[in-house]
Amino acid sequence: MPFDIEAEDRRTVIKQKLRKYFDGKIVRKDLTKKIKEGANVPVYVLEFLLGQYCSSDDPEIIEQGVESVKKILADNFVRPDEAQKILSLLRQKGSHTVIDKITVSLNIKRDRYEAEFSNLGLSGVPIDEEYPTKFDRLLCGGIWCIIRLEYDSNSDYDSGIVSADGDHLRSKKKNQNDTPIKIINLNPIQMPHVDINELKEGRKQFTKEEWMDVLLRSIGMEPDMLDTREKWLLLTRMLPLVENNFNLCELGPRSTGKSHLYKEISPNSILVSGGQTTVANLFYNMG
C-alpha cells in the first residue's frame, strides 16, 4: 500500500487532540493486542491498566508500562480454575492482592454490605460502606477491581467449630462474621463512573469524520483501511450500546466480529453465545 501523507497527517491531528483533551484515557490498541494474546481478561480491563501505566509517547516508558501490566496480571489476575490455589496462597501468606470482578449487595439481616467475587468464587465477604458509596457501580452489576485481601485465622469469625475444654464445650461463635477473609483495600481498574460532560466538551474539539475514526479505533479497527460505507456499517454495531430498546439483527458467518464487540468492549452488555438461547430468555429471563 503506498504511503498516504494525508492519512498520516489526519492521524497526527487526531492523536494530538486526544492527548490534549483526553489525556490519561487513551491507549495504543497494538499494546492491547500484544498483551491480550496471553491473558484471559476483558479488553476494557486491559486498556484501563494500559491507560494507567503506558500513557506516554516515550518508547522506554511504554515498554516499562507493558511489563508492569503483564506482571500485575500474572501475579494478581484470578482465573476461575485457579480459585482454590489463590485461596490457599492467601491463607499461607496472610494477605494477597487479586484482580477480580466484584459485586456488592446489602445484607439487610446483618445490616452490612457484602462482596461477591466472580472468579474467586467467594460470597458474603464483608466490605466497608465507603466503597459502594464511592463507587455505586459495585451495586449495579459489579466492576473489575484490584483488591487487597487479608486472611486472619485468629479473628472472631463464626467457624461453627465446637471444641472440648475440660468438662465444658465451647463454641468459637463470637460475632456475626462467617469468614476469616477481609477486604483491606479496593481500587477500581474499570471506570467506576463516566463524566458525560467531560466527554461532551472533548467531543466538541473533533470534526464528525475525526470522531468517527476515534470510535472505530476504540474497537480495534483501522479507519484508514475502510471506505465511508464500511465505517458506518461498523458504527451501526455500536447502536445497541447507546440507544434504548434498539433491536438489531446481524447475519453473517463465524469469526466476523458479530459477538466480539459486545463481549470485549463494554462491561454493560450480556452476551448469550452459541445459539443456545430462546426468545423467552432474550426478552425476559436474563438469569
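Helices here are DSSP runs of H or I with at least four residues, numbered from the N terminus. The model is predicted. Its helix H8, formed by residues 208-218, contains Glu210.

- Beyond its neighbours within four places in sequence, Glu210 is in contact with Val13, Ile14, Lys17 and Gln205.

**Helix H4**
- Helix H4 comprises 18 residues, 59-76, and its first and last C-alpha atoms are 26 Å apart, close to the 26 Å expected at 1.5 Å a residue.
- The buried residues of H4 include Ile62, Gly65, Val66, Val69, Ile72, Leu73 and Asn76.
- These residues lie on the same side of H4 because they cover an arc of only 135° around the axis.
- Glu60, Lys71 and Ala74 are exposed on the other side of H4.
- An α-helix has 3.6 residues a turn, so residues three or four places apart point the same way.

**Nonpolar cores**
- The largest nonpolar core contains 25 residues, and those with the most contacts inside it are Phe117, Leu120, Leu138, Ile147, Leu149, Ile183 and Leu186.
- At least two residues of this core come from each of helix H5 (83-93) and strands S1 (95-107), S2 (112-117), S3 (125-127), S4 (143-151) and S7 (181-188).
- Leu186, leaving aside neighbours within four places in sequence, is in contact with Ile127, Tyr131, Phe135, Leu138, Cys145, Ile146 and Ile147.
- Another core, of 19 residues, lies apart from the largest one; among its members are Ile62, Val66, Val69 and Leu73.

How values were computed:
Residues are numbered from 1 along each chain as its sequence is written. This is a predicted model: local features need pLDDT of at least 70, side-chain atom pairs count only at pLDDT 80 or more; totals for chains, interfaces and linings use all residues. Side-chain values use heavy atoms; hydrogens and water are left out. The expected span of a helix is 1.5 Å times one less than its number of residues. Buried means under 20% relative accessible area, exposed over 50%, partly exposed in between (1.4 Å probe, protein chains only). The arc is that of the directions from the helix axis to the C-beta atoms. Contact means heavy atoms within 4.5 Å. A nonpolar core is a set of buried Ala, Val, Leu, Ile, Met, Phe, Trp, Tyr and Cys residues joined through side-chain atoms within 4.5 Å.
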